[in-house]
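Biologist: I'm new to this one. Can you walk me through it?

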Amino acid sequence: FTGTAGETQTVSIPLGSDTKLEADETLTLSLGSVSRSGITISDTATVTVQNDDTAAVTIADVSVAENVAGGTATATLSLDNAVQGGFRLDVATSNGTATAGSDYTALSGQQVTFAGTASETQTVTISIDNDTIAEGDETLTLGMSNLALTSLPVTISDNGTLTINDDDGATVTIADVSVAENVAGGTATVTLSVDQAVSGGFSLDVSTSDGTATTGDSDYTALSSQTVNFTGNAGETQTVNITLGADSKLENDETLTVSMSNSNKSALTTITDTATVTITNDDSATLTISDNTTAENSGPSVVTLSVDNAVQGGFWVTVQRADGTATVSDSDYTAGTDNVSFTGTAGETQTVSIPLGSDTKVEDNETLILSLGSVSRSGITIMDNATVTITNDDSAAVTIADVSVAENVAGGTA
């Protein structure tokens, strides 16, 4: 001091800088030795060091599989800066798309205590429920509240998101089905089944495609992206109906394919299966052969074969000749076997010609038998034989020759 009345002087107190959240702190300055007598130095001074640090607790987001080992998810709480004296807080969960009680076990006011060390971490565990429901990834929120055991302003406003990664899926299958062409109601019912539950249900489209059965031949009516809705229950079934075309055509069993597409939950459902619908033929065709009568000298004898219903792809049949009263040995007709082909049209007719032998013998009308033998496909009934009647067109006359003899002819006779 220079000694001037009211004079002031200052001293600087070096302070330590840290990042610890702590209360305002004080130190005391006191006056000690003085260089001359007569000066009273009874006063002291308090220096208050005001806290300018902060501390916050954060919760790290975490992602676990639904079937996580141990059945729990661990969430980590981290303190950034030291907090003098430590503190305590509560952690609670709240539903997001995950639901407490079915997807996880809720936390409500679970206490977590921090010693207050910088970068300190603490953990909480959440029990995860492992189910078989296809539901997609789900989330819940971890939040903090109720700061205790400190008066310091620790920030606990952060939230953490826990994602439960779904490990389930559902598969939809379509059962093959076989129905008669003229099935009652005129429809084939196809059943779709889902093996596992699907949260919230789902929908998909069903379509048909030709196999040997075709819409062009009116075998069935096509489905094009017909929507089928599932409520999502495990083992649930739904059905679609396919309208069949009934005809009278003899044909092979025919097939069409049923497939799925456009699931609105494609990440949760597998819809690659297809089904075969077999339409079994229930039609038949009858082949007949007509009798014929032909004069012996007007041959050949032409015999007609007829099929009543259409036959897909056509067919052939053999016609065999056999003696009746007409015989090959007497040259009444020519032996042989005929192959007759049909294109397969309903009501179609074909003919065979039987060569006849011509003679001058007066004889009774005679017959030979035509029978239907091998046929090239099943389902054709060959019900009858045909009789070919050869009518006699010959005649015979007896004449008496004139004669002249002498009256006294030897022996006395003419």
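Modeller: One term before we start: buried means under 20% relative accessible area, exposed means over 50%, and partly exposed is in between (1.4 Å probe, protein chains only). This is a predicted model: local features need pLDDT of at least 70, side-chain atom pairs count only at pLDDT 80 or more, and totals for chains, interfaces and linings use all residues. Residues are numbered from 1 along each chain as its sequence is written, and side-chain values use heavy atoms, with hydrogens and water left out.

Biologist: Are F202 and F230 buried or exposed?

Modeller: Both F202 and F230 are buried.

Biologist: OK, aromatics then. How many aromatic pairs are there?

Modeller: Three. Rings of Phe, Tyr and Trp (its six-membered ring) pair if their centres lie within 6.5 Å; planes under 30 degrees apart are stacked, over 60 edge-to-face, the rest tilted. One of the pairs is F87 with F114, which is stacked, at 5.0 Å centre to centre and 10° between the planes.

Biologist: What does the F87 and F114 pair tie together?

Modeller: F87 lies in strand β6 (residues 87-95) and F114 in strand β7 (residues 110-114), so the pair links parts 27 residues apart in sequence. Strands are DSSP runs (E, at least two residues), numbered from the N terminus. F87 counts as buried, at 1% relative accessibility. F114 counts as buried too, at 2%.

Biologist: And how are the rings of F202 and F230 arranged?

Modeller: Their centres are 4.7 Å apart and their planes are at 0°, so the pair is stacked. F202 is in strand β14 (residues 202-210) and F230 in strand β15 (residues 226-230), so this pair ties together parts 28 residues apart in sequence.

Biologist: Switching topic. Where is D205?

Modeller: D205 is in strand β14. D205 is buried yet has no salt bridge. A salt bridge needs a side-chain nitrogen of Lys or Arg within 4 Å of a carboxyl oxygen of Asp or Glu.

Biologist: Which side chains does D205 join by polar contact?

Modeller: A 3.0 Å polar contact joins D205 to the side chain of T227. Another, also 3.0 Å, joins D205 to the side chain of N262. Such a contact is a pair of N or O atoms within 3.5 Å; within protein, one must be able to donate a hydrogen and the other to accept it, and residues adjacent in sequence count only if both atoms are side-chain atoms.

Biologist: Last one: what is phi at S225?

Modeller: Near 55°, a positive value in a residue other than glycine. Most residues other than glycine have a negative phi. S225 sits in the loop between β14 and β15.

How values were computed: Helix = DSSP H or I, 4+ residues; strand = E, 2+ residues; numbered from the N terminus. Lys, Arg positive; Asp, Glu negative; His and termini not counted.
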